[in-house]
Amino acid sequence: IEQRRLDGGVLPQVVVAGKTKTCGQKNYNLLAAIRESAPDSEVFVFFDSTHVVPTQHMRNLLAPVARGEAETVTGYHHVWPKQKNVPTVGRAVTVLMMYMLQELPFVVTQPWGGNMAITRKAFTELGVGDMWTENLVDDVSLALLLKEKKRDAMTVIEASEITEIESITFREWAEWLRRQWVYLHIYFPDLWLLSGLGFFMILLATLFAPVFIVWGAATGAFASLMLPALAYLGVLFACFFFAWRSHPWPGNFVVWCAASMATMLVGIIAHAGTWRKSHVCWRHYCYDVGPKGKVLGIHAKE
């Protein structure tokens, strides 16, 4: 945490939380820091230390709060894939997809724990601390609480962090994505199911489109088979191109397309591994989880 000195400078303070007993370790760490924060502080700001923040980042993130437009705000992040191989670029594609989905009106704006802020007043009124004390994660549980209380979080596009990734394997990518799916399953099961079905339908359409093109060419069924398949692939690659142009470090477009195609398959495989949602392992612990992410038991990860 950081405390403000009387002369306006910043006095960093390290708080050692110890081992968790009732909640996710990150929640336990955050609550320990909040207990040590200055009682007159008005806003809690949360960052992950593994990301790079640009100049004026804090100012951009907190601007809507200062203007009275929001009480909970969140930025996001872009993955900078240092090695332009398919799984590393695929991680960048996946994160960009999550970022873009935040802007859809029918999707819950989920605060991201690596880059978010909430006023002390809202934190207290919503009972965030009480929930975190017995909950698995910080950000998705906050999103559920905001939805239940009919309050909104605001996405601040200007407040984006940078996540530098040297290189990852397909297995590491799939494991990370599986964890994102399981959080969604625990807190928003309907959205988890619809998202999984959406991934599956897009993958099926992408796999069958070339078959329909060849079939249509062989039988002369241009209007009924070839044209719809060609139109679908055209829209799909237009989406790939739009995402490629939207990313700060997309690399080669061919690799980006390959990574985007791989995202469909990896997404389905990761989703298939989240039907059992009562047991989650992360870092050094495995958690037995109940409804709405309540931690029922904690075990050391083997």
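A residue is called buried when its relative accessible area is under 20%, exposed when it is over 50%, and partly exposed in between, using a 1.4 Å probe and protein chains only. By that rule, Arg178 is buried, at 19% relative accessibility. The structure is a predicted model, in which local features need pLDDT of at least 70, side-chain atom pairs count only at pLDDT 80 or more, and totals for chains, interfaces and linings use all residues. Residues are numbered from 1 along each chain as its sequence is written, and side-chain values use heavy atoms, with hydrogens and water left out.

- Helices (H or I, at least four residues) and strands (E, at least two) are DSSP runs, numbered from the N terminus.
- In a regular strand the side chains alternate between the two faces of the sheet.
- Strand β3 runs antiparallel to strand β5 (residues 115–119), and 5 bridges join the two; strands count as paired if DSSP finds at least two bridges between them.
- Within this pairing, Phe46 stands opposite Met116 in β5.

**Cysteines**

- The structure holds 1 disulfide, a term for a pair of cysteine sulfur atoms within 2.5 Å.
- This disulfide joins Cys281 to Cys286, with an S to S distance of 2.0 Å.
- The torsion about the S-S bond of Cys281 and Cys286 is about 100°, so the disulfide is right-handed.
- Cys281 is partly exposed, at 23% relative accessible area, whereas Cys286 is buried, at 8%.
- Cys239 is in no disulfide, and its nearest cysteine sulfur, that of Cys257, is 11 Å away.
- Cys239 counts as partly exposed because its relative accessibility is 48%, while Cys257 is buried, with a relative accessible area of 9%.

**Salt bridges**

- A salt bridge is a side-chain nitrogen of Lys or Arg within 4 Å of a carboxyl oxygen of Asp or Glu, and the count by this rule comes to 8.
- Arg67 and Glu69 form one of them, at 2.9 Å from N to O.
- Arg67 counts as exposed, at 53% relative accessibility, and Glu69 as partly exposed, at 45%.
- Another salt bridge joins Glu164 to Lys82, whose closest N and O atoms are 3.7 Å apart.
- This pair links distant parts of the chain, 82 residues apart: Glu164 is in strand β6 (residues 154–165), and Lys82 is in the loop between β4 (72–81) and α3 (86–101).
- Both partners are partly exposed, Glu164 with a relative accessible area of 42% and Lys82 at 32%.
- Glu175 and Arg178 also meet in a salt bridge, at 3.4 Å from N to O.
- Both residues of this pair lie in helix α7 (residues 170–187), 3 residues apart, or about one turn of the helix.
- Glu175 counts as partly exposed, at 36% relative accessibility.
- Lys26, Asp48 and Asp138 are linked in a network of salt bridges.

**Nonpolar surface patch**

- Patches are made of residues with over 30% relative accessible area and no salt bridge; like charges are joined within 9 Å, and nonpolar side chains (Val, Leu, Ile, Met, Phe, Trp, Tyr) within 5 Å.
- Leu207, Phe208, Val211, Phe212 and Trp215 form a nonpolar patch on the surface, and together they have about 500 Å² of accessible area, a value from the Shrake-Rupley method with a 1.4 Å probe, where for residues only the protein chains shown count as cover.
- Leu207 is found in helix α8 (residues 189–219) and is exposed, with a relative accessible area of 54%.
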